[in-house]
Amino acid sequence: MPDAQPEDFMQRALEQAQHAWDLGEVPVGAVVVRDGVVIATGYNQPIGRHDPTAHAEIVALRAAAEVLGNYRLPGCELYVTLEPCVMCSGAMMHARLAKIVYGAPDPKTGACGSVVNLFEHDQLNHHAQVTGGVLAEACADLLKRFFADRRAQAAAARRAALAALP
């Protein structure tokens, strides 16, 4: 995919997010790209793995590090469907990513500008280029549909429980 555009990589991240949904996880997906080629993917798995660090970005970074045989990922780009949190942004800094691209902003935990922007703090030793809003509507819509579905399932369970009462 050497001629791929950011939207193409974000679409791949959305496919990863769907894998998370299929497992009952919050649908966030990520891909790591080097020289225009996807080298690693990841999707949210903290519930299934019983691991609070198993966010899509961390899963993808770990896979990319394995592929490259190095915990540093210079020249790599990470595409993720939701603005990264502080934990994931810190991992991206340590990995020395060149670029981070996210889809939907996260007004509750976003660390690339929505709540804080770790990448603009001069005191921190690595700064990556950050771009937000790529396929933002599609990324946000996936999350909205997931949580609406979850609320509907919870309401149905409550109704069923009430109907079962004597």
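The end C-alpha atoms of residues 4-115 lie 30 Å apart, and this span is 39% helix and 23% strand, with helices (H or I, at least four residues) and strands (E, at least two) taken as DSSP runs numbered from the N terminus. UniProt, in an unreviewed entry, annotates residues 4-115 as "domain: CMP/dCMP-type deaminase"; its positions are given in the numbering used here, feature names are shortened, and annotations may be inferred rather than shown by experiment. The model is predicted, local features requiring pLDDT of at least 70 and side-chain atom pairs pLDDT 80 or more, whereas totals for chains, interfaces and linings use all residues. Residues are numbered from 1 along each chain as its sequence is written, and side-chain values use heavy atoms, with hydrogens and water left out.

The unreviewed UniProt entry also places the feature "active site" at Glu57, a residue found in helix α3 (residues 56-68). Glu57 has 4% relative accessibility and therefore counts as buried (under 20% relative accessible area, with exposed over 50% and partly exposed in between; 1.4 Å probe, protein chains only). Not counting residues up to four places away in sequence, Glu57 touches Val28, Ala30, Leu78, Val80, Leu82, Pro84, Cys85, Cys88 and Met92, a contact being heavy atoms within 4.5 Å.

The largest pocket holds about 420 Å³ of space. Of the 18 residues that line this pocket, Val26, Val28, Leu82, Asp106 and Leu143 are the closest to its centre. A pocket is here an open set of points on a 1 Å grid over the protein atoms alone, where a 1.4 Å probe fits, with protein on both sides within 12 Å along at least five of seven lines; lining residues have an atom within 4 Å of a point. Grid points are joined across faces, edges and corners, and the volume is the space filled by probe spheres set on them. Helix α5 (residues 136-163) supplies the largest share of the lining, four residues. The lining divides into ten nonpolar, three polar and five charged residues (nonpolar: Ala, Val, Leu, Ile, Met, Phe, Trp, Tyr, Cys and Pro; charged: Asp, Glu, Lys and Arg; polar: the others, Gly among them).

Three aromatic pairs were counted, with rings of Phe, Tyr and Trp (its six-membered ring) paired if their centres lie within 6.5 Å, and planes under 30 degrees apart termed stacked, over 60 edge-to-face and the rest tilted. Phe9 and Tyr79 form a tilted pair, 5.1 Å centre to centre with 45° between the planes. Phe9 lies in helix α1 (residues 6-22) and Tyr79 in strand β3 (residues 76-82), so this pair ties together parts 70 residues apart in sequence. Both Phe9 and Tyr79 are buried. The ring centres of Trp21 and Phe146 are 5.4 Å apart and their planes stand at 85°, so the pair is edge-to-face. This pair links distant parts of the chain, Trp21 in helix α1 and Phe146 in helix α5, 125 residues apart. Ring pairs link Trp21, Phe146 and Phe147 into a cluster.
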